[in-house]
Amino acid sequence: MIRLPKPPPGGIFEDLFVLEMANNHLGRLDRGLKIVTDFSRIVRFNNVRAAIKLQLRDVDAFIHQDFRQRTDVRYIRKTLDTRLGRSDYARLAAAIRRAGCIPMATPFDEVSVDLSVELGVDIMKIASSDINDWILIEKIASTQKPVIVSTGGSSLKDVDDLVTFFNRRAIPLAINHCVSLYPSENRELELNQIDFLRDRYPMNVIGFSTHEHRDWQASIAIAYAKGARTFERHIDIAADGVQPSEYCSLPHQIDQWFKAHRQAVEMCGAPGTQKRIPLRQETEYLDALVRGVYARRDLARGHPLQDDDVYLAIPLQKGQISCRELMRGEVLLCDVAADAPIMIDAIDSPYAENEQLKALIYQRGL
């Protein structure tokens with residue numbers, strides 16, 4: 001078995017990718033296992049933490065018996081046509097874990113919550129459609145497992161109530177910004193909502209569940225820069241003559257998605273809560289642009305430096321004081337010829353008594 005990557009210091013949700021299989025197994029275990037294989041390979045190649053998520057329904061109870069024969073309701077027909085047995089889900093969950101990913105599930109009813117526990121999933125999901133289903137929510141909370149909720153189509157009160165409920169029970173909750181349009185156009189993404197969620201729920205990790213179908217590399221970069229730390233997309237494979245839905249990503253597209261995230265992380269750099277430490281190359285480049293202090297005329301030992309005694313010019317030379325160290329009144333310890341650099345050893349200055357600073361001054365410049 002492949003060892004699961006350890007969660008980062010920020011917890012189980014930080015930098016977590018959720019790959020939503022939904023019903024794309026089409027009710028066939030072999031297709032579901034192939035989805036797990038194909039996507040877990042991309043996960044390993046990119047060395048990221050990812051969950052592969054199943055959707056669970058107690059189909060016999062989930063659809064009222066009087067409506068099961070309806071063929072004009074797509075959701076009913078699809079749910080019936082893609083049902084899997086408990087043993088099939090057990091094999092999928094085991095395959096996900098063996099492949100080094102995290103088993104995760106969206107239970108749509110209370111029986112499926114029990115099945116999620118039986119399968120040993122690590123994280124539960126509350127779908128946008130269930131954000132007000134308190135019978136289901138209380139059942140999910142009873143498992144004490146970490147929860148991610150999507151907020152598509154919700155009101156502010158919906159989210160406030162849910163966050164209060166889980167936070168009071170000390171159950172980890174991540175909140176996904178989500179627009180429940182399948183697919184979504186770029187103009188419909190409302191990514192500024194990530195700012196809103198971060199400001200309103202500072203104790204919770206904020207994520208981004210996304211269904212756009214044109215370019216999901218720019219959106220993940222923007223979402224990361226805004227502070228989203230868990231990301232979700234639907235996944236599918238091009239096989240069996242089935243055309244994947246527009247909002248689903250194929251394995252090579254998820255590979256691009258991961259790489260876009262990595263680039264965003266690199267570009268954003270250090271956490272926004274502290275001042276970064278400049279790179280050595282950066283300081284060396286800037287030091288080359290700093291002006292050095294030069295004598296305007298011949299200056300005698302014992303002369304206190306004043307503004308009209310010196311001028312500032314590039315290049316800065318090794319051992320020479322720069323505009324950053326120049327202070328009025330330094331006394332020269334030796335004669336300095338006109339246009340010669342004023343060296344750190346030539347002045348009586350607090351800087352000259354600091355051996356570390358002196359060493360730095362001798363290392364920089366030409």
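User: Let's start with Tyr-182. Is Tyr-182 buried, partly exposed or exposed?

Analyst: Tyr-182 is partly exposed, because its relative accessible area is 43%. Buried means under 20% relative accessible area, exposed means over 50%, and partly exposed is in between (1.4 Å probe, protein chains only). Keep in mind that this is a predicted model: local features need pLDDT of at least 70, side-chain atom pairs count only at pLDDT 80 or more, and totals for chains, interfaces and linings use all residues. Residues are numbered from 1 along each chain as its sequence is written, and side-chain values use heavy atoms, with hydrogens and water left out.

User: OK. What about the peptide bond from Tyr-182 to Pro-183, cis or trans?

Analyst: That one is cis, with omega near 0°. Pro-183 sits in the loop between strand 6 and helix 8. Helices (H or I, at least four residues) and strands (E, at least two) are DSSP runs, numbered from the N terminus. There is also a cis bond from Ile-314 to Pro-315, with omega near 5°. Pro-315 is in the loop between strand 11 (310-313) and strand 12 (331-332).

User: Moving on to the rings, how many aromatic pairs are there?

Analyst: The count is 10 aromatic pairs. Rings of Phe, Tyr and Trp (its six-membered ring) pair if their centres lie within 6.5 Å; planes under 30 degrees apart count as stacked, over 60 as edge-to-face and the rest as tilted. One of them is Phe-165 with Phe-166, edge-to-face at 5.2 Å centre to centre and 80° between the planes. Both Phe-165 and Phe-166 are buried.

User: And how do the rings of Tyr-182 and Tyr-247 sit?

Analyst: Their centres are 5.3 Å apart and their planes are at 75°, so this pair is edge-to-face. Tyr-182 is in the loop between strand 6 (173-178) and helix 8 (193-200), and Tyr-247 is in the loop between strand 8 (230-235) and strand 9 (248-249), so the pair ties together parts 65 residues apart in sequence. Tyr-247 counts as buried, at 15% relative accessibility.

User: Which residues do ring pairs link into a cluster?

Analyst: Phe-17, Phe-231, Trp-257 and Phe-258.

User: Now helices. At what angle do helix 1 and helix 10 pack?

Analyst: Helix 1 (residues 29-46) and helix 10 (residues 251-268) pack at about 25°, with axes 9 Å apart. Axes are lines fitted to C-alpha atoms, for helices over the stretch in contact, and angles run from 0 to 180 degrees between N-to-C directions. Helix 1 and helix 10 are therefore roughly parallel. Angles under 35 degrees count as roughly parallel, over 145 as roughly antiparallel, 65 to 115 as roughly perpendicular and the rest as oblique.

User: Which residues of helix 1 and helix 10 make the contact?

Analyst: On helix 1, Asp-38, Phe-39, Ile-42, Val-43 and Asn-46; on helix 10, Pro-251, Ile-254, Asp-255, Phe-258, Lys-259 and Arg-262. Contact means heavy atoms within 4.5 Å. Phe-258 also belongs to the ring cluster.

User: Last topic: where is Ala-170, and what is its phi?

Analyst: Ala-170 lies in the loop between helix 7 (156-168) and strand 6. Its phi is positive, about 55°, although Ala-170 is not a glycine. Most residues other than glycine have a negative phi. Ala-170 is exposed, at 64% relative accessible area. Asp-240 has a positive phi too, about 65°, and lies in the loop between strand 8 and strand 9.
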